[in-house]
Amino acid sequence: MNFFYSTLIVFFIISIACSNQNNKNAKNISYAEKNNIAKSCIALNDSAVNLLNKYYVEDSNPAKLDIILDLLNESISCDTNFYLAYNNKITVLSLKGEYLKVVNLLNKMLEFSNNNPQLIFFKGMAYEKLKDYPSAEIAYKQAAVEYEKRLQLHPDSLIIITDKLFFTAFTEGKDQAIAELKEYVLKYPNNTMLKEYQFIFETYHRDDFMFQHGK
């Protein structure tokens with residue numbers, strides 16, 4: 001799996017996890033309806049995502065990132081609780097190498113996300129990009145605590161388990177992540193998707209993961 005795209009998927013997972021925990025039977029309801037987001041705000045975000053996809057596969061002109069960022073800012077102004085637009089803005093700011101802005105935006109998101117550990121994890125990565133290693137270490141320790149809290153509440157959640165495994169691979173190494181994955185496979189034998197992550201972690205490289213988070 002290309003870790004650049006896996007990173008983007010992780011950002012989407014954050015939003016999905018927050019909205020789906022209490023909406024397991026609402027699969028046919030649109031994102032806008034489930035989260036009370038106006039369709040006009042959704043349209044702005046979708047336009048930004050379409051341009052971002054073209055940026056990846058057609059033309060990686062840095063000037064296009066500013067256009068995408070403008071659309072995302074409009075989307076957020078349209079609805080200041082539009083979590084998915086915030087996620088996409090983090091992706092764009094990372095591509096631009098503006099990691100201090102990433103940290104500031106993540107801090108804002110943490111205020112209304114109940115200290116989502118994935119966001120704290122990404123904040124630590126942003127600090128690493130800024131070469132502020134003490135702050136990065138603090139963020140990673142905070143993320144570890146929050147992941148454990150989430151796992152205690154939802155011990156069999158595939159999203160939380162796999163997010164935690166990526167965090168473990170990043171902070172403790174892929175061998176530790178694989179060892180933890182095997183424990184989860186034994187603990188939840190009916191969760192067949194867990195087994196599919198074996199190859200992902202076998203081919204995981206921390207430096208690649210860092211590199212694909214931006215400049």
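User: Why is Asn-114 called exposed?

Analyst: Asn-114 has 61% relative accessibility, and the cut-offs are under 20% relative accessible area for buried, over 50% for exposed and partly exposed in between, with a 1.4 Å probe and protein chains only. So at 61% Asn-114 counts as exposed. A caveat on the source: this is a predicted model, where local features need pLDDT of at least 70, side-chain atom pairs count only at pLDDT 80 or more, and totals for chains, interfaces and linings use all residues. Residues are numbered from 1 along each chain as its sequence is written, and side-chain values use heavy atoms, with hydrogens and water left out.

User: What makes Asn-115 partly exposed?

Analyst: Its relative accessible area is 37%, so Asn-115 is partly exposed.

User: And what is phi like at Asn-114?

Analyst: Phi is near 55 degrees there, a positive value in a residue other than glycine. Asn-115 also has phi near 55 degrees. Most residues other than glycine have a negative phi. Asn-114 is in the loop between α6 and α7, and Asn-115 is found in that loop too. Helices here are DSSP runs of H or I with at least four residues, numbered from the N terminus.

User: How do you know whether Ser-113 is buried or exposed?

Analyst: Ser-113 has 7% relative accessibility, so it counts as buried. Ser-113 sits in the loop between α6 and α7 (117-129). Leaving aside neighbours within four places in sequence, Ser-113 is in contact (heavy atoms within 4.5 Å) with Tyr-83, Leu-119 and Arg-150.

User: Why is α5 called roughly antiparallel to α6?

Analyst: Helix α5 (residues 83-96) and helix α6 (residues 99-111) pack at about 165 degrees, with axes 9 Å apart. Angles under 35 degrees count as roughly parallel, over 145 as roughly antiparallel, 65 to 115 as roughly perpendicular and the rest as oblique. That angle therefore makes α5 roughly antiparallel to α6. Among the contact residues are Tyr-86, Ile-90 and Leu-93 of α5, and Val-102, Leu-105 and Met-109 of α6.

User: What makes something part of a nonpolar core?

Analyst: A nonpolar core is a set of buried Ala, Val, Leu, Ile, Met, Phe, Trp, Tyr and Cys residues joined through side-chain atoms within 4.5 Å. The largest one here has 61 residues, and those with the most contacts inside it are Leu-52, Met-109, Phe-121, Met-125, Phe-170 and Phe-201. Helix α5 gives the most to this core, with eight residues. Not counting residues up to four places away in sequence, Leu-52 touches Leu-65, Ile-68, Thr-91, Val-92 and Leu-95.

How values were computed:
Axes fitted to C-alpha atoms, helices over the stretch in contact; angles between N-to-C directions. Helix = DSSP H or I, 4+ residues; strand = E, 2+ residues; numbered from the N terminus.
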